[in-house]
Amino acid sequence: MAFNLLKGKKGIIFGALDENSIAWKTAESIHAEGGSFVLTNAPIAMRMGQIDELAKKTGSEIIPADATSVEDLDNLVAKSMEILGGKIDFVLHAIGMSVNVRKGRAYTDEKYDFTTKGWDVSALSFHKTMQSLYKADAMNEWGSIVALTYIAAQRTFPDYNDMADNKAYLESVARSFGYFFGKEKKVRVNTISQSPTPTTAGQGVKGFSNFISYADKMSPLGNATAQDCADYTVTLFSDLTRKVTMQNLFHDGGFSNTGVSQEVVEKFTE
Ligand SMILES: NC(=O)c1ccc[n+]([C@@H]2O[C@H](COP(=O)([O-])OP(=O)(O)OC[C@H]3O[C@@H](n4cnc5c(N)ncnc54)[C@H](O)[C@@H]3O)[C@@H](O)[C@H]2O)c1
């Protein structure tokens, strides 16, 4: 269903790796709503993923950028403005990776080089992205910046490991930068706290398939899918949400406010 909510709006989308990626679905939805954008991902992901296919489908150009490199980000922002013909209205940060998780290290046995790398990729990259945009004065007034996060930032989910700390940092950066972006440029900054979703990054978490069904049974509306997240993000990029900023917005079918559900209680009924 398209409403032309993003007609004439221009943006940058990070993190579309394959068709399961939340960023991939979001790019398709933004395209359907009349928005145009540059796609970006880490150079290594270009080789592994299928981003060319998405670019073709949506008439977009791709600019590789490692989101931990300020030089790459500055180049991305400058080139995006050239390609799109002016300032930017929306940015989606959909990036996450923990080296400790990948290497099977427990939270109580972190290798701190891994921790630092994962934090840089998953959390500090959001600050770096916004700083590049801010310094280049690249955002249009009433623009909108969104990053994706997970409720492990507020509550403990043991297997989410150091990503929980990365997400807590990411959400804090959204509030802090949101203040300056709001004051100086009338730009809003929010995080969407999404249900567990079967993507490459999601499936890296131990016990993910049991966990996703637990979350589904705990959520009165069921888990929010990647497509649901894309739809929600479209609203945050539209002009209908201009005064929403510095928020962590739960998009999880009600999971975050549910103590226990009937289905879960029944599992424990003797
Ligand atoms: N899948 C879930 O269960 C879930 C739930 C809540 C939030 N999220 C968040 O959603 C976002 C998108 O993840 P996804 O689930 O769509 O998985 P995904 O694996 O499809 O996307 C993660 C992306 O991060 C990119 N990336 C990694 N290192 C990078 C770097 N150095 N520079 C630039 N890009 C880099 C990857 O190439 C990939 O495209 C992440 O922030 C993730 O934490 C996911």
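**Binding site and ligand shell**

The UniProt record, an unreviewed entry, puts a "binding site" feature at Gly15, Ser21, Ile22, Ile95 and Lys167. Keep in mind that the model you're looking at is predicted.

**Gly15**
- You'll find Gly15 in the loop that runs between β1 (10-14) and α1 (22-32).
- Gly15 counts as buried because 27 other C-beta atoms lie within 10 Å, and 20 or more is enough for that label.
- Setting aside residues up to four places away in sequence, Gly15 touches Ser21, Ala23, Asn41, Ala94 and Ile95.

**Ser21**
- Ser21 also has its place in the loop between β1 and α1.
- With 26 other C-beta atoms within 10 Å, Ser21 is buried.
- If you skip its neighbours within four places in sequence, Ser21 is in contact with Gly15, Ala16, Ala94 and Thr199.

**Around the ligand**
- There are 27 residues around the ligand, and the ones that come nearest are Ser21, Ala45, Gly96, Ala201 and Gly202.
- Sorted by class, the shell has 15 nonpolar residues, eleven polar ones and one charged.

Technical notes:
Residues are numbered from 1 along each chain as its sequence is written. This is a predicted model: local features need pLDDT of at least 70, side-chain atom pairs count only at pLDDT 80 or more; totals for chains, interfaces and linings use all residues. UniProt positions are given in the numbering used here, feature names are shortened, and annotations may be inferred rather than shown by experiment. Helices (H or I, at least four residues) and strands (E, at least two) are DSSP runs, numbered from the N terminus. A residue is buried if 20 or more other C-beta atoms lie within 10 Å of its own, exposed if 12 or fewer, and partly exposed in between; C-beta atoms are placed from the backbone. Two residues are in contact if their C-beta atoms, placed from the backbone, lie within 7 Å. A residue is near a molecule or strand if its C-beta atom, placed from the backbone, lies within 6 Å of it. Ala, Val, Leu, Ile, Met, Phe, Trp, Tyr, Cys and Pro count as nonpolar, Asp, Glu, Lys and Arg as charged, and the others, Gly among them, as polar.
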